[in-house]
Amino acid sequence: MGKWVFLIPALPAAGAALLLMTRRIREPLAGWLATALVGGSFALSVAAALEVAKAHGDERRMVVSLGEWIAAGKFRAGFDFLVDPLSIVMILVVTGVGTLIHLYSIGYMHGDPRFSRFFAYLNLFAASMLVLVLGNNMILMFLGWEGVGLCSYLLISFWFEKDTAAAAGKKAFVTNRVGDFGFILGTLLLFANAGTLTILGGPGGGLLSAAPAMLTSGTITVATLLLFLGATGKSAQLPLLVWLPDAMEGPTPVSALIHAATMVTAGVYMIARLGPVFSAAPATMWVIATVGAITALVAATIALVQTDLKKVLAYSTISQLGFMFAAVGVGAFAMGIFHLVTHAFFKALLFLGAGSVMHAMNNTVDMRNFGALRKKMAVTWATWAVGWLAIVGIPPLAGFFSKDAILAADFEHGSAGKAIWLLLSLTAFLTSVYMSRATYLTFLGKARWSESEYHPHESPKTMTIPLIVLAGAAVLAGLLGVPKILPVLAHWLEPSVGEVHEPFGATQIVLLVIATVLAVAGIFVARAIWMGKNASERGDLLARLPGGASLYRFFENGWGIDPLYRLLFVKGGTAVAGALKWIDTKVIDGAVNGVARLVRGGGSEASKAQTGYVRNYALGVALGALLLIGGFVLVQIVTGG
């Protein structure tokens, strides 16, 4: 393959450097340059995919080295890229979806005073994500891991003039640092016991071979749990999901690229990449699957009561990521990656569709102010409908195949797996309800806006063309994994994730039917509630059911997770800081200042004895002599001398 594979991340990295170092490249050239460079990376990714496809067996996993990167004692880390079926899938998604979102951003960010800087950040993100998925050692992966975290902060708070955007950026940064701390500790624990951080090859055959062979069950369980903590931060799972909904303060293309299609899937990718390591820790695997299923359900209930269109999609992303973790947690790595790919297409499509609506409605995000927009935005409506039906799971769209593959994989894993399947099935039904609700309130029903205030119109072609392409992908991508008919993606991934078990019999057909019935039922339930002349007033129907008001507030409040964190960490941290400040100022500084005042006061009083008169000094000498004599006599009396 040659070292040209390094051009894949190098092209967007060069674009970021160029746009950040010069101010002469402005709108629209900056946007077209950044888009062309990511498009070039996509072309190179396709070429790499074709080369890997031509290879056979172990030849489909190759390490391309640029040379030694870090050398410290016996430790060596090369700047090496692992090119295999898994990394090929990831770079195709990152660069393919990334190119479309870059193109969309040219129209969306038109007129922004920091247009060039925005595209520099997008290019930097693409480069960081490509390093993350291509890196053949944990340090190089962590370099990309932190790079996407930095870009997330920069892009969420891009409109930092808004206090909410600045606060959201800081929240994302701090929350991800908690997860990253776990990632670092897990990495160090692996190195301390396996002696290598190389993923494939290197000492002991790399982590994929050395870690399961050399680590005790307790050590590998702790290490993988720490790595999973890192994944919960990056992929917004319990307990670190609170940053993603607030991240919607950033420009909508950012939400589509970073918080739907690419960065938030880094945790899922990391677990799939280290599949043999995680598989050697069964307890960790069940923790991953359970956390994923619970997160999926929690996020779905919160999405059910949101009025902000982007926040509905944000909680939907958290929920869909839960599906992916529920898959990789039972060892169905190929199914998790399959859903990652299909989700990248239909969720990017939905986010960009939301951005198109905002573009037409003066940046309004409240769905209660929408309605009947399909008449004004035909292309946006048609493409949104594809994304809606895909995420709901209507055959033969992409989400139907990938979601149901996960449900079937979990169902096969004993009673615990069936419990997870039950949670995910309920989540799938709620997904259909809240996504249908968003569709009805936004595009269908009656118009709840006035022509005098809003002038809805279709977006420019730079925005609609990406929508059309992504809609096509959302229709066709699911066909890559049709069991027993065209399971292309599953077999493609086998060299990276191991043999893929895809049973397809009567049980699986029944599961498919159940999932489809739940999806259709959700559409009709949402239609019965949110369509019709009173649709806007019936949006809070749950709140008006017996006992529903408390449940509505509970969901609306995000299950109390954010308020709990504010109480424990923000207010608690402030209280602890206040107590420490009191100790610092009153006790520590007080003691130091007290000694200083005592010395200063004593010196001030002693200075009064310095009168300058000889007779006073002579008197002092005499008194001193008398005190010495008196003391000597007293000692003699006491000692009997």
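Predicted model: local features only at pLDDT ≥ 70, side-chain atom pairs only at ≥ 80, totals over all residues.
I will begin with the chain as a whole. It has 641 residues, and 54% of them count as buried. Its secondary structure comes to 24 helices and two strands. If you draw a box along the principal axes, the C-alpha atoms fill roughly 115 × 65 × 60 Å.

Next, contacts along the sequence. Take the contacts between residues at least 6 apart in sequence: 78% of these join residues at least 24 apart.

A word on charge. The protein chain has 44 positive and 32 negative charges.

How many residues are in the largest nonpolar core? The number is 208. The residues with the most contacts inside this core are M270, I271, W384 and M435. Which helix gives the most to the core? That is helix 15, with 19 residues.

Setting aside neighbours within four places in sequence, I271 is in contact with F228, A231, F278, I288, F325, V328 and F333.

Is H343 buried or exposed? Its relative accessible area is 0%, so H343 is buried; the cut-off for buried is under 20%. Not counting residues up to four places away in sequence, H343 touches A260, T317, Q320, M324 and A348.

The other residue is I318, in helix 14, which covers residues 309–328. I318 counts as buried because its relative accessibility is 0%. Leaving out neighbours within four places in sequence, the contacts of I318 are A236, Q237, L241, L244, P245, T295 and A299.

How far apart are I318 and W492 in sequence and in space? They are 174 residues apart in sequence, and from C-alpha to C-alpha they are 27 Å apart.

To recap: the chain has 24 helices and two strands, its largest nonpolar core has 208 residues, and both H343 and I318 are buried. That is what I have for today.

Technical notes. Residues numbered from 1 in each chain as written. Heavy atoms only, no water. Buried < 20%, exposed > 50% of the residue type's maximum accessible area, 1.4 Å probe, protein only. Contact = heavy atoms within 4.5 Å. Helix = DSSP H or I, 4+ residues; strand = E, 2+ residues; numbered from the N terminus. Core = buried A, V, L, I, M, F, W, Y, C linked by side-chain atoms within 4.5 Å. Lys, Arg positive; Asp, Glu negative; His and termini not counted. Charge placed at Lys NZ, Arg CZ, Asp CG, Glu CD.
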